[in-house]
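Biologist: I have not looked at this one before. Can you walk me through a few parts of it?
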Number of protein chains: 2
Amino acid sequence: MKREKITLSFEEMPKSWYNIKAELPFKIDPMLNPGTGEPIKPEELAMLFPPSLVEQEFNCEDRLIPIPEELIKEYYVYRPSPLVHATGLEEYLDTPAKIYFKNESVSPTGSHKVNTALAQAYFNKQDGFSKLTTETGAGQWGSALSYAGTKFGLDVEVYMVRVSYDTKPGRRHMIHLYNGRVYPSPSERTEGGRAILKDDPDCNGSLGMAITDAVEMAVKSDDTNYSLGSVLDHVLMHQTIIGEELKLQLEKANVKPDVLIACVGGGSNFGGFVFPFVMDAINNKDIEIIASEPQACPTLLEGKYEYDFGDTGKLTPKMKMYTLGYGFVPPPIHAGGLRYHGASPIVSRLVNEGIVRPDDLPQTEILKAAQIFSLTEGIIPAPESSHAVASTIREAKRCKETGEVKTIVFNLSGHGFMDLSAYDHIGKL
Amino acid sequence: MKREKITLSFEEMPKSWYNIKAELPFKIDPMLNPGTGEPIKPEELAMLFPPSLVEQEFNCEDRLIPIPEELIKEYYVYRPSPLVHATGLEEYLDTPAKIYFKNESVSPTGSHKVNTALAQAYFNKQDGFSKLTTETGAGQWGSALSYAGTKFGLDVEVYMVRVSYDTKPGRRHMIHLYNGRVYPSPSERTEGGRAILKDDPDCNGSLGMAITDAVEMAVKSDDTNYSLGSVLDHVLMHQTIIGEELKLQLEKANVKPDVLIACVGGGSNFGGFVFPFVMDAINNKDIEIIASEPQACPTLLEGKYEYDFGDTGKLTPKMKMYTLGYGFVPPPIHAGGLRYHGASPIVSRLVNEGIVRPDDLPQTEILKAAQIFSLTEGIIPAPESSHAVASTIREAKRCKETGEVKTIVFNLSGHGFMDLSAYDHIGKL
């Protein structure tokens, strides 16, 4: 079974990010200062982020933001990523649908996260900062930022949820390989962490606590900034290199997509993948866009669309988004990257406008989908990405029932080589 | 930094394996029956292997062995694999040398092992067998054979060295994902295993004991065969798809290799990579071929060239090879795949004839090489493959000293996503 790969040359790789806010027919509601209730001003974000990224966060005018030359060189290490015709999966499903996937698992750390990690490290370095702090759950984002930091000569300090730090050593080792430092959170190094540990010395930690650690360390040092791997507008914009490449690849292969599918946690791989197609969906109404999320954390399908905090510690500005509430603690599913109570404000708005349809999936279904994909396409997907695979299989089966010849394109945001424990008890295919 | 990738289309992929024994100017010494001291006959091997593979093992006449159509389709899942110009590494080393690597890490299980696993599963199925047993150390081979078995409808039973089974769960999970069964060895399921456990209930196991388990299960069941991941001639022949592709890619890019480098444990990735170039090396003497091995297990450099058993349990025929002695227990280095007391008889002979030069490397050097490669080329190499990276760096540094513009091509036999503990304490680059 030949798997046609649609590749782009280095010359063909897009040299700009796509800023969807310059084109949308509606304005995204601003972040609010939780104290005053007033829209956040750029100078308030400058406590945590460098001027270049603050400017990107507020930019609603420029449709395309040029990618700096030095950053393009780093993208060349693993980009452009291939678009693959999933003929093995098609044959297995015996569907009339055509299935393609964009393979972001080819990056140095195995997922799309590197696309924004490199950009954030670059702009921090350019703006004169020498150190970044961040939080990480299972370690995907922490390892991506460590890789990027080393590339541009920045120190990277990662606060990793203690239970993952103790039980999932792989990503911790990877952070070390890439010259990063990683500490279990809650941390003895911060006031916030020490306060928590005083009450509960064996505290398992949470993403909210890890944000507290990382933000405290960034705020109290002039040369240090904080870095976030999803949710914010500039983060999603850096990911649009995925969708911009995809557009060119589909043109090259003369393929018109009917359905676009990606998984949503904070929304960064989803936004990067679909944003360049959203205006087509709005104007021509002939592209369906599906956001796959876990049934255990159904933010877009069952959350409220309202202003809420981005973290459990209430340190962040308030954002207008679908949210299960900042205090919501999702059950411990394998797709750790999708265990987020909220979602990107832009993605949330697209759902609220009916432009994006959420699809929620039980864990059993996504694990089986991962097994099918591994055996038919030869790539083990990350549990997060397996949500997109599972939605794709649902659509392809629907096509089999109706006889429709739809073209489905999904984003394989990362591989699952470091998450194999998820797949231990699926049983035989 | 653009990393030129030289790819082949499906049509360009070689459709035959290369059988080096048909061309070598000398005959490889035969395997011997340890009881009689006589050369092994094909029917003696038929206890463990299917007729097609026994025929391949003894074939010294046909230069090219056609790859069956059904198998070619399975190779298409991940092959042809890319040849990459490692411009990032060249720049980092500031060397006049040109460095290329063949990337076998793109396979479904992350290494070259799948090339022969698929072939062995296919021929066993064709010849009417329904089950395969094998042993595995850290799990690389066991996962490859499980993947291949499922592809062709065979049951696969893997005996995994108990200490790896207990402490390195990733590959065990992968075997389950691919429908394989995996048991810790020594095993309660076999007479051999029970005998060992009676004396030592907490026995950690060894590759030799795992072979005992796997062979016993294969011998006592008519529908079951045994499968080996390296050393034997037919196994190395299946890997020549690597070198055959490489030849075409070098021609396409108009690149003439001066130095070929691969790591050697049993010799399968090495043989597959270099065999198609050996006659050039013999006739024109203008290609240098280097076999990278660990200083902790220096089979080719310090072993004796003599007849020895392939396993510690003395179950296998005797083979003429470089060996540290069948009772040699290498220290527990990270590159588990290179901890073998012997080496392929063909590879051994090439070393003995002076056609292949062994290069032995201390673990500190290979770990640092892996870190350099991860950060310059964006792929984390397996600890085994890091030996080839380290030899490449040695050669490239030599070129810097002498000013020579050599072209070095090495085989990246697998990635290191599942071996990251090896890289935890390297320190900053």
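Biologist: How many residues does helix α10 of chain A have, and how far does the helix reach from its first C-alpha to its last?
Modeller: This is a predicted model. In it, α10 of chain A covers residues 207-219, which is 13 residues. The helix reaches 18 Å from first to last C-alpha, close to the 18 Å expected at 1.5 Å a residue.
Biologist: Which residues in α10(A) are buried?
Modeller: Among them are A:Ile211, A:Val215 and A:Met217, and also A:Asp213 and A:Glu216. A:Gly208, A:Ala210, A:Ala214 and A:Ala218 are buried as well.
Biologist: And what covers those buried residues?
Modeller: The cover includes the chain A strands β6 (131-136), β7 (155-161), β8 (181-185) and β9 (224-226). Helix α9 (191-199) of chain A is also part of the cover.
Biologist: Changing topic: at what angle do α2 and α5 of chain A cross?
Modeller: Roughly 125 degrees, with the axes coming within 7 Å. Angles from 65 to 115 degrees count as roughly perpendicular and those over 145 as roughly antiparallel, so α2(A) and α5(A) are oblique to each other.
Biologist: Which residues meet there?
Modeller: From α2(A), A:Ser52, A:Leu53 and A:Gln56; from α5(A), A:Gln120, A:Phe123 and A:Asn124. By class, this contact has 2 nonpolar, 4 polar and no charged residues.
Biologist: Now the two chains. What rotation superposes chain A on chain B?
Modeller: A rotation of 180 degrees, with 0.0 Å of shift along its axis and an RMSD of 0.0 Å. The two copies are therefore related as by a two-fold rotation axis.
Biologist: What share of the contact residues of chain A recur in chain B?
Modeller: 100%, so the same surface serves both copies.

Notes. Residues numbered from 1 in each chain as written. Chains lettered and ligands numbered in written order. Predicted model: local features only at pLDDT ≥ 70, side-chain atom pairs only at ≥ 80, totals over all residues. Heavy atoms only, no water. Helix = DSSP H or I, 4+ residues; strand = E, 2+ residues; numbered from the N terminus. Expected span 1.5 Å × (residues − 1). Buried < 20%, exposed > 50% of the residue type's maximum accessible area, 1.4 Å probe, protein only. Contact = heavy atoms within 4.5 Å. Axes fitted to C-alpha atoms, helices over the stretch in contact; angles between N-to-C directions. Parallel < 35°, antiparallel > 145°, perpendicular 65-115°, else oblique. Nonpolar A, V, L, I, M, F, W, Y, C, P; charged D, E, K, R; others polar. Least-squares fit on C-alpha atoms with pLDDT ≥ 70 in both.
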